[in-house]
Amino acid sequence: MASLPLCHRDDIPEGAARGFLPLPDAPRRVIVVRRGTRLDAYMDACPHYTGGTPMAWRRDAYLNGEGTHLACHAHGALFDIDTGACVSGPCLGRKLTRVALTEDQAGYLSVPAHVAGRAAREE
Ligand code: FES
């Protein structure tokens, strides 16, 4: 399966989230959250509305103030970082769409090429 490079794991500070466009014309960013050795990746597409809405109010502002949850700043939804499940806000019962993240032995991260072509939303 073709994959697209995102960055090196050290490009994401500990406890932070960053958004990456897997291709310059991709419709959505991929959010990567780093906590210790763990990395979680989701499409930047809030499930509140069909088609998904970009979640950050400014570049890479994907976490709530405490850094404990992913947040959609449109209407305040909070998402569990481990599972992508909405735990507060208008899309309770829905989830962010997880992206399969691959890390090579040198720590470089990549995602499947298909994520560059869809505004993914998990029903
Ligand atoms: S669009 Fe994300 S909470 Fe409404």
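**Figure 1. The largest nonpolar core of the predicted model comprises 17 residues.** Within this core, the residues with the most contacts are L6, I12, V30, V32, V99 and V111. Strands β1 (3–8), β3, β4 and β9 (108–112) are the elements that each give two or more residues to the core. Apart from it lies another core, of 16 residues, which includes Y62, C72, A77 and L96.

**Figure 2. Surroundings of I12, one of the residues with the most contacts inside the largest nonpolar core.** When residues up to four places away in sequence are not counted, I12 touches C7, R18, F20, V32, R34, L39 and L109. Among these partners, V32 is also listed with the residues that have the most contacts inside the core.

**Figure 3. The hairpin of strands β3 and β4 has two residues between the strands.** Strand β3 covers residues 30–35 and pairs with β4 in the antiparallel sense, over six bridges. I31 has Y42 of β4 as its bridge partner. In this hairpin, G36 adopts a positive phi near 60 degrees. Strand β4 spans residues 38–43, and five of its six residues are buried, so this strand is largely enclosed by the rest of the structure.

**Figure 4. Residue N64 is situated in the loop between β4 and β5 (70–71).** The relative accessible area of N64 is 13%; the residue is therefore buried, as the value falls under the limit of 20%. Leaving aside neighbours within four places in sequence, N64 is in contact with H69, A71 and L78.

**Figure 5. Strands β5, β6 and β7 form an open sheet in the order β5-β6-β7.** The pairing in this three-stranded sheet is antiparallel. Strands β5 and β7 (86–88) are the edge strands, each pairing on one side only. Strand β6 consists of residues 78–79 and is joined to β7 by two bridges. L78 has S88 of β7 as its bridge partner; L78 is also one of the residues in contact with N64.

**Figure 6. The region that UniProt annotates as "domain: Rieske" extends over residues 4–111.** This annotation comes from an unreviewed entry. Over residues 4–111 the chain is 0% helix and 31% strand. The end C-alpha atoms of this stretch are 5 Å apart.

Notes. Residues are numbered from 1 along each chain as its sequence is written. This is a predicted model: local features need pLDDT of at least 70, side-chain atom pairs count only at pLDDT 80 or more; totals for chains, interfaces and linings use all residues. Side-chain values use heavy atoms; hydrogens and water are left out. Buried means under 20% relative accessible area, exposed over 50%, partly exposed in between (1.4 Å probe, protein chains only). Helices (H or I, at least four residues) and strands (E, at least two) are DSSP runs, numbered from the N terminus. Two strands pair if DSSP finds at least two bridges between them. UniProt positions are given in the numbering used here, feature names are shortened, and annotations may be inferred rather than shown by experiment. Contact means heavy atoms within 4.5 Å. A nonpolar core is a set of buried Ala, Val, Leu, Ile, Met, Phe, Trp, Tyr and Cys residues joined through side-chain atoms within 4.5 Å.
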